[in-house]
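Please open the structure in your viewer and keep the selection tool at hand.

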Amino acid sequence: MRRYELMLVVRPDVPDDRSQAVIDRVTRQITADGGQIIKVAPWGRRRLAYPIDRFREGSYHIILFMAPPTGLVELEHSLLITEEVLRHLVTRDERPLKAT
């Protein structure tokens, strides 16, 4: 399994409970595909670099996870059709693991 970082930008007009439901749905999908969640970090509302769908702000969330590469296609497809998500980006995390 590889480590990945997922950044989600959720629409600012989405209530907090629905935003948390989107995060929960994404984490459940990752674990259902054989992945493991390392960390979920909400960054809060921030100004966007440019307007997206007439929105000037977005609610940012970062999810660090480990997953097999085969599950990413379905994850990205589900994020593309989720109305609450303005943008998303999945990158492979190349940083070395911390020794514990």
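Is R18 buried, partly exposed or exposed? Select R18: with a relative accessible area of 43%, this residue is partly exposed. Please note that the model is a predicted one.

**First stop: the partner of R18**

The side chains of R18 and E84 meet in a salt bridge, with 2.6 Å from N to O. R18 belongs to helix 1 and E84 to the loop between helix 2 and strand 4, so the pair ties together parts that are 66 residues apart in sequence. E84 counts as buried, because its relative accessibility is 13% and the limit for a buried residue is under 20%.

The structure holds five salt bridges. For another of them, select D93 and R3, whose closest N and O atoms are 3.2 Å apart. This pair links distant parts of the chain: D93 is in the segment after strand 4, R3 is in strand 1, and 90 residues separate them. D93 is buried, at a relative accessible area of 14%. R3 is buried as well, at 17%.

Now select E57 and R45, whose side chains also meet in a salt bridge (2.6 Å, N to O). E57 is found in strand 3 and R45 in strand 2 (residues 36-52), 12 residues apart. E57 is partly exposed, with a relative accessible area of 34%, whereas R45 counts as exposed at 52% relative accessibility.

Select residues 72-80, which form helix 2. Which residues of helix 2 are buried? They are L72, L75, S78 and L79. These residues cover an arc of only 130° around the axis, which puts them on the same side of helix 2. The face turned away from the buried side carries the exposed residues V73, E74 and L80.

To see what the buried residues of helix 2 pack against, display strand 1 (2-10), helix 1 (16-32), strand 3 (55-67) and strand 4 (85-92).

In soluble globular proteins, nonpolar side chains tend to be buried together. Here, the largest nonpolar core has 15 residues. Select L6, L8, V26, I63, F65, L75 and L79, the members that touch the most other members. Strand 1, helix 1, strand 3, helix 2 and strand 4 are the elements that give two or more residues to this core. Helix 1 gives the most, with four residues.

Centre the view on L6. Leaving aside its neighbours within four places in sequence, which residues are in contact with L6? They are V26, H61, I62, I63, F65, L79, H88, L89 and V90.

**Last stop: the cavity**

How many cavities of 30 Å³ or more does the structure hold? There is one. About 50 Å³ of space lies in the largest cavity. To find it, select Q29, I30, D33, F65, A67, P68, G71, L72 and L75, which line the largest cavity. Helix 1, strand 3 and helix 2 are the elements that give two or more residues to this lining.

Note on methods
Residues numbered from 1 in each chain as written. Predicted model: local features only at pLDDT ≥ 70, side-chain atom pairs only at ≥ 80, totals over all residues. Heavy atoms only, no water. Buried < 20%, exposed > 50% of the residue type's maximum accessible area, 1.4 Å probe, protein only. Arc of directions from axis to C-beta. Contact = heavy atoms within 4.5 Å. Core = buried A, V, L, I, M, F, W, Y, C linked by side-chain atoms within 4.5 Å. Salt bridge = Lys/Arg side-chain N within 4 Å of Asp/Glu carboxyl O. 1 Å grid on protein atoms, 1.4 Å probe; cavity = no way out; pocket = protein on both sides within 12 Å on 5 of 7 lines; lining within 4 Å. Points joined across faces, edges and corners; volume = space filled by probe spheres on them.
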